[in-house]
Amino acid sequence: MAACCRWNFAGSETRALPALPTDPRWHEVVAMSARHRVQGLVWSALAQHAERLPDHVKSTLSSGARSIAAINLAITRECSELLEEFEKAGVPLLFVKGLTVGALAYRSPMLKMSWDIDLLIDARDLSVAARLLREPG
């Protein structure tokens, strides 16, 4: 699992795909990938070996990867809307962690699960920011 995640780091395009272990404990790989929300990273690396993977591993990891991508797309849209509203109000903001780190760290920011949006604002803008976040619900 760690080798699959490492393979997905940005700038690792020349790194060889992780080799499949000779006696993998697939139930542990799948369970740990879900626990750490890295099914997309693991599937991205293992998909190249799909013909050698058990069906349940392929379906579970690929399904998890698709779910992560869908969630991340929704979060991306929400970030775009937040940025637009904050810019209209003249409140500068910075997105931190989550997809921002994913865009810097991985081949694709859609591979690692995010589930919230972290914003950094100036403390003087707190009341305006709170209003902007409350208005759309």
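Buried means under 20% relative accessible area, exposed over 50% and partly exposed in between, with a 1.4 Å probe and protein chains only. The model is predicted, so local features need pLDDT of at least 70, side-chain atom pairs count only at pLDDT 80 or more, and totals for chains, interfaces and linings use all residues. Residues are numbered from 1 along each chain as its sequence is written, and side-chain values use heavy atoms, with hydrogens and water left out.

**View 1. The two sides of helix α2.** Helices are DSSP runs of H or I with at least four residues, strands are runs of E with at least two, and both are numbered from the N terminus. Helix α2 spans residues 26–35. Its buried residues are Trp26, Val29, Val30 and Ser33. These four cover an arc of only 95° around the axis and therefore sit on the same side of α2. The arc is that of the directions from the helix axis to the C-beta atoms. An α-helix has 3.6 residues a turn, so residues three or four places apart point the same way. On the other side of α2, His27 and Arg35 are exposed. For His27 the relative accessible area is 54%. The C-alpha atoms of His27 and Ser44 are separated by 18 Å, and the two residues are 17 apart along the chain. The buried residues of α2 pack against α3 (39–46) and α4.

**View 2. Helix α2 against helix α4.** Two packed helices are described by the angle between their axes and the distance between the axes. Axes are lines fitted to C-alpha atoms, for helices over the stretch in contact, and angles run from 0 to 180 degrees between N-to-C directions. The axes of α2 and α4 (residues 55–88) come within 10 Å and cross at roughly 5°. The two helices are therefore roughly parallel. Angles under 35 degrees count as roughly parallel, over 145 as roughly antiparallel, 65 to 115 as roughly perpendicular and the rest as oblique. From α2, the contact uses Trp26, Val30 and Ser33; from α4, it uses His56, Val57, Thr60 and Leu61. Contact means heavy atoms within 4.5 Å. By class, this contact has 4 nonpolar, 3 polar and no charged residues. Nonpolar covers Ala, Val, Leu, Ile, Met, Phe, Trp, Tyr, Cys and Pro; charged covers Asp, Glu, Lys and Arg; the others, Gly among them, are polar.

**View 3. Helix α2 against helix α3.** Here the axes are 8 Å apart, and the packing angle is about 135°. The helices α2 and α3 are therefore oblique to each other. Trp26, Val29, Ser33 and Ala34 in α2 meet Gln39, Val42 and Leu46 in α3. The contact divides into 5 nonpolar, 2 polar and no charged residues. Gln39 lies in α3. At 13% relative accessibility, Gln39 is buried. Leaving aside neighbours within four places in sequence, Gln39 is in contact with Ser33, Ala34, Leu61, Gly64, Ala65 and Ile68.

**View 4. A stacked aromatic pair.** Rings of Phe, Tyr and Trp (its six-membered ring) pair if their centres lie within 6.5 Å; planes under 30 degrees apart count as stacked, over 60 as edge-to-face and the rest as tilted. This rule gives a count of 1 aromatic pair. Phe9 and Tyr106 form it, stacked, at 5.8 Å centre to centre with 20° between the planes. The pair links distant parts of the chain, 97 residues apart. Phe9 is in the loop between α1 (2–7) and α2, whereas Tyr106 is in the loop between α5 (98–105) and β2 (118–120). Phe9 is partly exposed at 37% relative accessible area, while Tyr106 is buried at 16%.

View 5. Most residues other than glycine have a negative phi, and most peptide bonds are trans. Arg37 lies in the loop between α2 and α3. Its relative accessibility of 25% makes Arg37 partly exposed. Lys97 is not a glycine either, yet has a positive phi of about 60°. Lys97 is in the loop between β1 (94–96) and α5. Lys97 is exposed, with a relative accessible area of 52%.

**View 6. A buried histidine in a loop.** His49 is in the loop between α3 and α4. At 12% relative accessibility, His49 is buried. Not counting residues up to four places away in sequence, His49 touches Leu17, Pro18 and Leu20.
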